[in-house]
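Biologist: I'm new to reading protein models. Could you walk me through this one, feature by feature?

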Amino acid sequence: MAIGTTIAEPSTILPLIVNYFGGSSMLVGFFASLLRGGGVLVQLFAAFHAQSYKLMMPYLRKVFFIRFSSWFFIGITIIIFGENHPDITLASIGIGLFVFSFSAGFAAIYFREIMAKIFSHKFRGKTMAYRQFFSAVGGLLSGALAAWILESFEAPQSYGYLFIISSFVMALGYISFSLVEEPIKEEVSKKESSFGKFLKNSYAILKADKGFQVQVGTFFLAYGYLIALPFIILDAQQKIDLDGVAIGWLITTQMVGAMLSNFLWGSLSSNGQNILIAKAVIFFQIIAISLAFNASSLYEYIAIFFLVGASMDGSRIASSNLVLKIAPADKRPIYIALQMNIVSLGMFFSILGGVVLHFFSYFVLYWVSLGTLFIALLLSLKLKESA
């Protein structure tokens, strides 16, 4: 599945496609945000319905089909309309990304609920680590696939082929997971009479569970590295000769950091050390941002991006496993949705970073990022694996 979705990675190929059809930088930013975070907005609604489901797989299969169809739809419309009708093409890409991304909000709830039922707490962390490792490998393979397609065909047909071919690669992953046998869930909640009442009850759960509040706050503030991350490469451009090869090294290093670190995170999680993982990834992020203050060589920036790559996957493992451990079985979809919705707001920290850098300097930017991470580290000292 990773080979498929990386085809439209929001910082590389997707901007090229949007720009080719005359899309503005604002449209590039909107599409990138849509692909990354659109699903976050519907997870509470998905949890509202999912809390009463005894089986998630029938619904997850429908989501898989919708995601495959929307991805395939983008490729077909690019080939049919192409550069002769750029406005229709861009609109079609937007519709496809909207459906693909928002359906992910439902998939996230169903997928994690199935994982919680199939795997024990200790084995779940190792399983997620293996999954993220092979996702990173898939990300590297997708780069080679994309390069071959772009070299073999002319634009815009090559862009269409990227989506069509990757949609079938993605489908193979969907089909394989759809064959998993899911246990029936006996402990289910009675669904509220309205979504508004569900939101009130969800807020009451968050308000009553102090340990859950600490957990949500920790992982939300752990996104503090994003205050600085998008701008580190701009700072590097002013300090070193940052040509295409150097940029490629930084991207590859981040992916390698993600791949290799999963062996460590998986081992720790299988031993019930998810809280240690949370503390370690925040510490890695603090080191990475600290290095950015005085970095003046490619090797130092390679170290920064390696640490960032390693911390990103560790944070996902710790966050997912801790919420599954702390949540009562009948309220698990609500806990998952609450944590993912609130924590994912941290993905917008880059906006704050842009404001800070506009009015101040890189020095101030890095300190704001570090301050946020230090607060996250202090909160992590209060984390518990049970309510």
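**Reading the helices, the core and the surface**

Modeller: Helices here are DSSP runs of H or I with at least four residues, strands are E runs of at least two, and both are numbered from the N terminus. This is a predicted model, where local features need pLDDT of at least 70, side-chain atom pairs count only at pLDDT 80 or more, and totals for chains, interfaces and linings use all residues. Residues are numbered from 1 along each chain as its sequence is written, and side-chain values use heavy atoms, leaving out hydrogens and water.

Biologist: Is α15 mostly covered or uncovered?

Modeller: Buried means under 20% relative accessible area, exposed means over 50%, and partly exposed is in between (1.4 Å probe, protein chains only). In α15, 11 of the 12 residues are buried, so by that definition the helix is mostly covered. Among them are Arg 332, Tyr 335 and Val 343.

Biologist: How many helices and strands does the protein have?

Modeller: It has 17 helices and zero strands. Of its 387 residues, 52% count as buried.

Biologist: What should I look for in a nonpolar core?

Modeller: In soluble globular proteins, nonpolar side chains tend to be buried together. A nonpolar core is a set of buried Ala, Val, Leu, Ile, Met, Phe, Trp, Tyr and Cys residues joined through side-chain atoms within 4.5 Å. The largest one here has 62 residues, and those with the most contacts inside it include Ile 232, Ile 289 and Tyr 366. Helix α14 (residues 298-326) gives the most to this core, with 11 residues. Another core, of 28 residues, lies apart from it and includes Val 63 and Tyr 159.

Biologist: Which residues is Ile 289 in contact with?

Modeller: Contact means heavy atoms within 4.5 Å. Leaving aside neighbours within four places in sequence, Ile 289 is in contact with Tyr 225, Ala 228, Ile 232, Tyr 366, Ser 369, Leu 370 and Leu 373. Phe 293, in helix α13 (residues 274-294), touches residues including Lys 239, Phe 363 and Tyr 366. Phe 293 and Phe 363 are 70 residues apart in sequence, yet 6.7 Å apart in space, C-alpha to C-alpha.

Biologist: Which residue does Lys 239 form a salt bridge with?

Modeller: A salt bridge is a side-chain nitrogen of Lys or Arg within 4 Å of a carboxyl oxygen of Asp or Glu. The structure holds one: Lys 239 pairs with Asp 235, the closest N and O atoms being 3.4 Å apart.

Biologist: Why do those two line up?

Modeller: An α-helix has 3.6 residues a turn, so residues three or four places apart point the same way. Lys 239 and Asp 235 are four residues apart in helix α11 (residues 229-239), so about one helical turn separates them. Lys 239 is partly exposed at 35% relative accessibility, while Asp 235 is buried at 5%.

Biologist: What about Ala 295, buried or exposed?

Modeller: Ala 295 is buried, with a relative accessible area of 1%. Ala 295 is found in the loop between α13 and α14, and its contacts beyond four places in sequence are Lys 239, Glu 300, Tyr 301 and Ile 304.
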